[in-house]
Amino acid sequence: MSKKHISLNPPIVNACGILSYLDVFERLEKMNANFGAWIPKSIGPFEKQGNPNPTIYHNGSVLLNSFALPTHSIQSWIKEFESADLKKPVIGSVWGTKIEDYRDVIKKIDKYVSAWEINVSCPNKEAGEKSLMESMTEKIKEIIMPLREVTQKPIIAKLSPNEDYVAIAKSIVDYVDYIACGNTLGPGLAVDIYSRKPILAGFAGGMSGEAIKPKAMKMVNDVYKIASKEDVKLIAYGGISKWEDILEYAIAGASIFGIGTSLLHKDAGQVAKFVNNMWKDVLKYIEKENISFDEIVGCLDG
Ligand SMILES: Cc1cc2nc3c(=O)[nH]c(=O)nc-3n(C[C@H](O)[C@H](O)[C@H](O)COP(=O)(O)O)c2cc1C
């Protein structure tokens, strides 16, 4: 079956969970921030608080978050997005604990989005909750396979770097249009030496930011070797913070680039400037090297 690809100009998105709210997207569009699409916070089948604060810890090298997918109701998501006035497409992100959850959310929200990112990779959990990822690792193919029946939109499977993503990619490559590599690494632990307690209220947290880039690069390249044979394109997430990172990920095999942690702590004006300059510099490189972007994607030798 031929794959469904979306044309994003530029091929840059916000990583789900960062800047992931409609009012932020609207503000960024007003400031002409050059993103190709917007990804709102993952939405699941029921409302969920997530972990109490502190949910974020940055040690200067890596960010730990233990949000555990706080989620609004589907009704409030629809109320917000049905009147959204965005120029750029919205890519919905869905989480669930079982196959039916994904199907239900997609059915209800499908008409408001241009593609679906299927979050089968969050490593965080609330106290007493089984990690969504742990509970689903074996089931990823079962979750992904029937989704074509509920949506005609492109399907992006967002995988975890913490799992056997090569085996998972092989098992789902026939049923998806894109694979996103990947979610946060870990989880990792940070402790306070005076209270002798974990710093995050959720105990441990998924790691993101520049430090995880080499792992995500390897994931992109490993998955590219499987996905490219079936015309499945890749979205790269993990530590993108400068224009060269986009090119590195493209050479490794990615076609779309998601930016998360490096956008935290920036106001809307700074985000717009940062992303716009990044893409301008990529275009300059392409012109200087006299090569097309398509030629760069997956050209890694070795
Ligand atoms: C605060 C925070 C919240 C996140 N929330 C989600 C989420 O709701 N759904 C999801 O699929 N990924 C979520 N992620 C993972 C990011 O989308 C991204 O995959 C990861 O952070 C790696 O990219 P980065 O290093 O550029 O941040 C979250 C990450 C952070 C830091």
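**Strands, ligand shell and backbone**

A: Start with the strands. S8 (residues 185–189) and S11 run antiparallel and are joined by three bridges. Keep in mind that this is a predicted model.

Q: Which residue of S11 is the bridge partner of Gly-188?

A: Gly-205 is the bridge partner of Gly-188.

Q: And what's the sense of the pairing between S3 and S11?

A: Antiparallel, over three bridges, with S3 covering residues 63–65. Within S11, Gly-206 stands opposite Asn-65.

Q: Is S11 mostly covered or exposed?

A: Mostly covered. S11 spans residues 204–208, and four of its five residues are buried.

Q: Back to S3. Is Leu-63 buried or exposed, and why?

A: Leu-63 sits in strand S3. Leu-63 has 24 C-beta neighbours inside 10 Å, so it counts as buried; the cut-off is 20 or more.

Q: What does Leu-63 touch?

A: Leaving out residues up to four places away in sequence, Leu-63 touches Ile-56, His-58, Met-207, Ser-208, Gly-209 and Thr-261.

Q: How far is Leu-63 from Lys-41?

A: Their C-alpha atoms are separated by 18 Å. Along the chain, the two residues are 22 apart.

Q: Switching to the ligand. Which residues come nearest?

A: Ala-15, Gly-17, Ser-208, Gly-260 and Thr-261, out of 26 residues around the ligand. Ser-208 and Thr-261 are also among the contacts of Leu-63.

Q: What's the class make-up of that shell?

A: The shell around the ligand has 11 nonpolar, 13 polar and two charged residues.

Q: Now the backbone. Where is there a cis peptide bond with omega near -5°?

A: From Asn-53 to Pro-54. Pro-54 lies in the loop that runs between helix H1 (22–30) and strand S2 (56–58).

Q: And which residues are joined by the cis bond with omega about -10°?

A: Cys-181 and Gly-182. Gly-182 is in the loop between strand S7 (178–181) and S8. S8 is the strand joined to S11 by three bridges.

Q: Which residue has a positive phi of about 60° without being a glycine?

A: Ala-68. Its loop connects S3 and helix H2 (74–82).

Q: Is Ala-68 buried or exposed, and why?

A: Buried, because Ala-68 has 23 other C-beta atoms within 10 Å.

Q: And which non-glycine has a positive phi of about 75°?

A: Phe-203. Phe-203 is in the loop between strand S10 (197–198) and S11.

Q: Why does Phe-203 count as partly exposed?

A: Because Phe-203 has 16 C-beta neighbours inside 10 Å. Buried takes 20 or more, exposed 12 or fewer.

Q: Last topic, helices. At roughly what angle do H7 and H8 cross?

A: Roughly 30°, with the axes coming within 8 Å. H7 covers residues 213–227 and H8 covers residues 243–252. Angles under 35 degrees count as roughly parallel, so H7 and H8 are roughly parallel to each other.

Q: Which residues make the contact?

A: On H7, Lys-213, Met-217, Val-220, Asn-221 and Tyr-224. On H8, Asp-245, Glu-248, Tyr-249 and Ala-252.

Q: And by class?

A: The contact of H7 with H8 has five nonpolar, one polar and three charged residues.

Methods
Residues are numbered from 1 along each chain as its sequence is written. This is a predicted model: local features need pLDDT of at least 70, side-chain atom pairs count only at pLDDT 80 or more; totals for chains, interfaces and linings use all residues. Axes are lines fitted to C-alpha atoms, for helices over the stretch in contact, and angles run from 0 to 180 degrees between N-to-C directions. Helices (H or I, at least four residues) and strands (E, at least two) are DSSP runs, numbered from the N terminus. Angles under 35 degrees count as roughly parallel, over 145 as roughly antiparallel, 65 to 115 as roughly perpendicular and the rest as oblique. Two residues are in contact if their C-beta atoms, placed from the backbone, lie within 7 Å. Ala, Val, Leu, Ile, Met, Phe, Trp, Tyr, Cys and Pro count as nonpolar, Asp, Glu, Lys and Arg as charged, and the others, Gly among them, as polar. Two strands pair if DSSP finds at least two bridges between them. A residue is near a molecule or strand if its C-beta atom, placed from the backbone, lies within 6 Å of it.
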